[in-house]
Amino acid sequence: LSALAEDTKSYSSADDFQLHGFIAQGLIDVNGSDFVNDDGSVSTELTEIGLNATYQLSNKLRIAAQLVYLDGGNRYAKGVRVDYALLDWSVFNSEYWQANVYLGRFKNNHWLYSSSRDVPFARPSIILPQSVYFDGFRDIAVGSDGAALKLSHSNDNYGNFDLNLSYGTSPISDEQATNLLGEFARGKAKQDHDAQASFYWQPELSPWRFGISLLDSDFSYKQGTPDFFSDSDFTFQFYTANALYEGENWEFSGEVYQQRFIIDGFYSPTFYDDSVGQGYYVQTRYKINSDLTLLARYEDFYLDKEDKDGKKREENTGGLIPHYFGFHKDVTLGVSYDFTSNLRLRMEYHWVCGAGRLTPVVAPNPSVNSSENWQMWAAQIMYWF
């Protein structure tokens, strides 16, 4: 610690403080689901405003934070939140090795687009593939309060390796709990822990990058007064494998995953459900020129691998939850155009089958989501500095 203090005193740079931000506003229209709103009208609830800053305390210490305002309708809670606020400690740095420790509210760097999902111009599309980047879990998945470790190694023969480890928790607001559990849940939800690990490998001089990730997380729910639901515990486990190819004009990416979701209680004190879901997406982008980029994507997801069409779930609930709440399929086409180096327009259209990726999650709303097939288009203009 004394060495770190001395390093802080001796550090001086004209570029030690950096401030950046973005503003993104758009229109979105959903026909056949409550993905954004309940009435199906064209909506301006496609707003993202962010400000992030970094300050280099020393050669080894850096602080960074991002504050954002979001309005996405039913996708996530509306309002201001702190995406991350962390201390970045460069523990070790050599020609071939680098180790960093992050303390505070750190960013999730485990999934292919998890580190860029909070910045509109950095991610590949307006709406990310919901099979992996489910907007209902957005604030929980962006980062956690705790500690993370990143270990990087560069090898002249085998390429670059990255190992990420993290442990923490994410706060769950009342509005977030309503989005996840349903409007009749009057109690308090909290995340008890979130442990994640990921490993990435990019072969030497290769345009390909490959990765795997593991997640284990526990949640709890304390019954309110009055409340339709009971005290409960939830376990969510998530395993992914991904690949990314970045060529001169073409980009290919995809992730395949399996999840395990355990509900102990909630619907009644004796209720218990342990289901394993699976999903994937494949995506390609083609850069026509330096300004114009096209996108195409297909994704497929089902909540229970033993009930891919959702028929068993519909039977078990006496028809209260239709079968199409058991899966989610999406075909997406999009286009992006850069007017300047920091002004971009994105447009995309989605053909969706199923309601498996709509909020609320635990207590679905079939009265509003009465269509198995629905469509969505979105257009967003974004500026950054």
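Does Asp88 count as buried or exposed? Asp88 counts as buried, because its relative accessibility is 8%, where buried means under 20% relative accessible area, exposed over 50% and partly exposed in between, with a 1.4 Å probe and protein chains only. What follows concerns a predicted model, in which local features need pLDDT of at least 70 and side-chain atom pairs count only at pLDDT 80 or more, while totals for chains, interfaces and linings use all residues. Residues are numbered from 1 along each chain as its sequence is written, and side-chain values use heavy atoms, with hydrogens and water left out.

The side chain of Asp88 meets that of Arg62 in a salt bridge, at 3.1 Å from N to O; the term stands for a side-chain nitrogen of Lys or Arg within 4 Å of a carboxyl oxygen of Asp or Glu. The two partners belong to distant parts of the chain, 26 residues apart, with Asp88 in strand E4 (residues 79-93) and Arg62 in strand E3 (residues 61-71); helices (H or I, at least four residues) and strands (E, at least two) are DSSP runs numbered from the N terminus. Arg62, at 24% relative accessibility, counts as partly exposed.

Asp135 pairs with Arg75, their closest N and O atoms being 2.8 Å apart. Since Asp135 lies in the loop between strand E5 (97-107) and H2, and Arg75 in the loop between E3 and E4, this pair ties together parts that are 60 residues apart in sequence. Both Asp135 and Arg75 are buried. Asp83 forms a salt bridge with Arg138, again with closest N and O atoms 2.8 Å apart, and because Asp83 lies in strand E4 and Arg138 in helix H2, the pair ties together parts that are 55 residues apart in sequence.

Seen as a whole, the protein has four helices and 16 strands. Its radius of gyration is 22 Å, close to the 21 Å that the globule rule gives for 385 residues, so the protein is as compact as a globular protein of that length; the radius is taken over C-alpha atoms, and the rule is 2.2 Å times the number of residues to the power 0.38. Of the 385 residues, 48% count as buried.

The interior can be followed through its nonpolar cores, each a set of buried Ala, Val, Leu, Ile, Met, Phe, Trp, Tyr and Cys residues joined through side-chain atoms within 4.5 Å. The largest has 31 residues, and those with the most contacts inside it are Tyr133, Leu181, Tyr221, Phe234 and Phe266. Helix H2 (138-142), helix H3 (174-181) and strands E8 (188-202), E9 (208-222), E10 (232-246) and E11 (250-265) each supply at least two residues of this core, the largest share, four residues, coming from E10. Apart from it lies another core, of 19 residues, among them Tyr302, Ile321, Phe325 and Phe327.

The search finds seven cavities of 30 Å³ or more. About 370 Å³ of space lies in the largest cavity, a volume being the space filled by probe spheres set on grid points that are joined across faces, edges and corners. Of its 27 lining residues, Phe137, Ile140, Leu180, Phe219 and Phe236 are the closest to its centre, and E8 gives the most to the lining, with five residues. The second largest cavity holds about 110 Å³, and its lining includes Arg75, Asp135 and Arg138.

The largest pocket has a volume of about 1200 Å³. Its lining comprises 40 residues, of which Tyr267, Arg313, Ile321, Val362 and Pro364 lie nearest its centre.

Conventions:
On a 1 Å grid over the protein atoms alone, a cavity is a set of points where a 1.4 Å probe fits but cannot get out, and a pocket is an open set with protein on both sides within 12 Å along at least five of seven lines; lining residues have an atom within 4 Å of a point.
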